[in-house]
Amino acid sequence: MKETGRKVIAQNRRARHDYSILDEYEAGVALLGTEVKSLRLGRASLVDAFATVDDGEIWLRGLHIPEYTQGSWTNHEPRRTRKLLLHRGEIDRLIGKIKEGGLSLVPLSLYFSDGKVKCELALAKGKKSYDKRTDLAKRDAQREIQKAFGRAAKGRAREMRS
């Protein structure tokens with residue numbers, strides 16, 4: 001039976017907090033058999049993961065996929081460097097933007113898409129602490145507006161009933 005749809009394995013929640021996301025890409029990941037089996041059990045961590053450009057190729061570093069429990073001597077190394085699979089045009093575009101300076105490649109999530117492991121990769125710019133505070137303040141203000149709007153709408157609904 002062929003798998004369809006998208007099943008998220010791991011997400012990097014801190015990425016959207018620590019970085020301003022400029023552009024997103026979907027990349028395949030070159031994996032070993034025991035890595036895929038471990039991922040099917042939903043075990044992976046993107047906490048310290050980042051992507052680098054070496055010799056015109058993009059590599060994912062710091063991704064932790066624990067060893068497969070039923071694996072034998074063929075098991076993989078948990079934090080090995082893994083190759084990301086992108087089209088040549090996308091790689092060239094990313095290399096150009098990264099060389100401009102101040103930008104990083106950050107993995108946002110790891111998921112199965114139609115049975116294949118994919119990595120959602122973002123071209124991002126690091127946020128300063130004051131940027132993070134401004135974002136938090138905006139989010140809180142937006143939440144308050146929604147609450148007030150909800151209360152006002154609820155009040156109007158009561159008036160209509162009576």
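Predicted model: local features only at pLDDT ≥ 70, side-chain atom pairs only at ≥ 80, totals over all residues.
How many residues apart are Asp 92 and Arg 88 in helix 3? Asp 92 and Arg 88 lie 4 residues apart in helix 3 (residues 88–100), which means that about one helical turn separates them.

## Helix 3

Asp 92 and Arg 88 form a salt bridge in which the closest N and O atoms are 3.5 Å apart. Asp 92 has a relative accessibility of 42% and therefore counts as partly exposed. Arg 88 is also placed in the partly exposed class, because its relative accessibility is 46%.

Helix 3 consists of 13 residues and spans 19 Å from its first C-alpha to its last, close to the 18 Å expected at 1.5 Å a residue. Its buried residues are Ile 91, Leu 94 and Ile 95. Viewed down the axis of helix 3, these buried residues fall within an arc of 100°, so they line one face of the helix. They pack against strand 2, strand 3, strand 4, strand 6 and strand 7. After helix 3 comes Gly 101, which has a positive phi near 110°.

## Helix 2

Helix 2 (residues 33–40) has four named buried residues: Thr 34, Glu 35, Ser 38 and Leu 39. Because they cover an arc of only 140° around the axis, they are on the same side of helix 2.

The packing partners of these buried residues are strand 1 (6–11), strand 5 (82–85), strand 6 (103–113) and strand 7 (116–126). Just after helix 2, Gly 42 adopts a positive phi of about 80°.

## Strands and their pairing

Strand 2 pairs with strand 7 in the antiparallel sense over 9 bridges. Within this pairing, Glu 26 has Glu 120 of strand 7 as its bridge partner. Strand 2 is also joined to strand 5 by 2 bridges, and these two strands run antiparallel. Here the bridge partner of Gly 28 is Leu 85 in strand 5.

Strand 4 likewise takes part in two antiparallel pairings: 5 bridges connect it with strand 3 (residues 50–54), and 3 bridges connect it with strand 5. Asp 54 stands opposite Glu 57 of strand 4, while Ile 58 stands opposite Leu 84 of strand 5. In the hairpin of strand 3 and strand 4, 2 residues lie between the strands, and Asp 55 takes a positive phi near 55°.

## The two faces of strand 4

In a regular strand the side chains alternate between the two faces of the sheet. Strand 4 has a covered face with Ile 58 and Leu 60, and an uncovered face with Glu 57, Trp 59 and Arg 61.

Ile 58, on the covered face, touches Ala 51, Thr 52, Val 53, Lys 83, Leu 84, Leu 86, Ile 91, Leu 94, Leu 105 and Leu 121, when residues up to four places away in sequence are not counted.

In soluble globular proteins, nonpolar side chains tend to be buried together. The largest nonpolar core of this model has 26 residues, and the members that touch the most others are Ile 58, Leu 84 and Leu 110. At least two residues of this core come from each of strand 1, strand 2 (19–29), strand 4, helix 3, strand 6 and strand 7. Another core, of 5 residues, lies apart from it and includes Val 106, Leu 108, Ala 122 and Ala 124.

## Other salt bridges

The structure holds 7 salt bridges. Which residue meets Asp 18 in a salt bridge? The partner is Arg 14, with a distance of 3.3 Å from N to O. Both residues belong to helix 1 (residues 13–18), where they are 4 residues apart, or about one turn of the helix. Arg 14 counts as exposed because its relative accessibility is 52%.

A further salt bridge brings together the side chains of Lys 83 and Glu 57, at 3.1 Å from N to O. This pair links distant parts of the chain, since Lys 83 is in strand 5 and Glu 57 is in strand 4 (residues 57–61), 26 residues apart. Lys 83 has a relative accessibility of 30% and so counts as partly exposed. Glu 57 is partly exposed as well, with a relative accessible area of 25%.

Technical notes. Residues numbered from 1 in each chain as written. Heavy atoms only, no water. Buried < 20%, exposed > 50% of the residue type's maximum accessible area, 1.4 Å probe, protein only. Arc of directions from axis to C-beta. Contact = heavy atoms within 4.5 Å. Salt bridge = Lys/Arg side-chain N within 4 Å of Asp/Glu carboxyl O. Core = buried A, V, L, I, M, F, W, Y, C linked by side-chain atoms within 4.5 Å. Pairing = 2+ DSSP bridges. Expected span 1.5 Å × (residues − 1).
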